[in-house]
Amino acid sequence: PAESTGIALVEIKDGVADIFHYAHIDVERTSDFEGDWCIDLQKQLSLLIADHEISHVTVEDYFFSKKFAKGCNLNAAYRTAIWIWCRQNNLPYTILNISEWKKFVAGRSTATNEQKAKWGKEPSKKLYMQQALWDRWGFKFPNHSISNTTGKPILFRYDIVDAVAQAVYYARIYANATKVTMSVPV
């Protein structure tokens, strides 16, 4: 969870998990108060829940690092806002370990040196997961997202890729799905 948060919705039935919807949530940051940003995230989650019968939520854990400390308080606050929102709505949640879901889905927790050289150090952090979802799971993504405010195409939000990867991990490891499919049209 961050200013842009990826989401993936999964239906699990008869051992098959189908990722039937993915999107991103853009937190409204017009206020000077971070608490208002967390409330906006909660409101948007409420709308999502109203549209779908959600019975469980997963949230990526957070890794604190001295090297990447900028924004860590806010990212922790977003996670806490989701946990509180889930409990206020009597929804159970699972916190997913970052290294574990990445290793399960991609076979490794970071991009290879070859991928870093090919795509660049920063882009490879997201692109290696997208490549793994294609190579290992057959999941393809479009080259753009749709803006939540204008409805027009924008640069693809790679938070969606991570959300789909986490859905795959949760479905196979926690929900014991024997197969994971993605019926979202590309």
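Tutor: A residue is buried under 20% relative accessible area, exposed over 50% and partly exposed in between, with a 1.4 Å probe and protein chains only. This is a predicted model, where local features need pLDDT of at least 70, side-chain atom pairs count only at pLDDT 80 or more, and totals for chains, interfaces and linings use all residues. Residues are numbered from 1 along each chain as its sequence is written, and side-chain values use heavy atoms, leaving out hydrogens and water.

Student: How many helices and strands are there in the protein?
Tutor: Both are DSSP runs, numbered from the N terminus: helices are H or I with at least four residues, strands E with at least two. From the N terminus on, the order is β-β-α-β-α-β-α-α-α-β-β-α-β. The count is six helices and seven strands.

Student: What is the radius of gyration of the protein?
Tutor: This radius is taken over C-alpha atoms, and the globule rule is 2.2 Å times the number of residues to the power 0.38. For 186 residues the rule gives 16 Å, and the protein comes close to that, so it is as compact as a globular protein of that length. Its radius of gyration is 16 Å.

Student: What share of the 186 residues is buried?
Tutor: The protein exposes about 11000 Å² (Shrake-Rupley method, 1.4 Å probe). Carbon and sulfur atoms supply 51% of that area. Buried residues make up 38%.

Student: Which elements cover the buried residues of α1?
Tutor: Helix α1 covers residues 34–51. Its buried residues include W37, L41 and L45. Contact means heavy atoms within 4.5 Å. The cover includes β1 (4–13), β2 (16–26) and α2 (72–88).

Student: And what covers the buried residues of α2?
Tutor: Those buried residues include C72, Y78, W85 and C86. Among their cover are α1, β3 (57–60) and β4 (93–96).

Student: Is N75 buried or exposed?
Tutor: N75 sits in helix α2. Its relative accessible area is 16%, which means that N75 is buried.

Student: Which residues is N75 in contact with, leaving aside its neighbours within four places in sequence?
Tutor: N75 is among the buried residues of α2. With those neighbours left aside, its contacts are P1, A2 and Y62.

Key
The expected span of a helix is 1.5 Å times one less than its number of residues.
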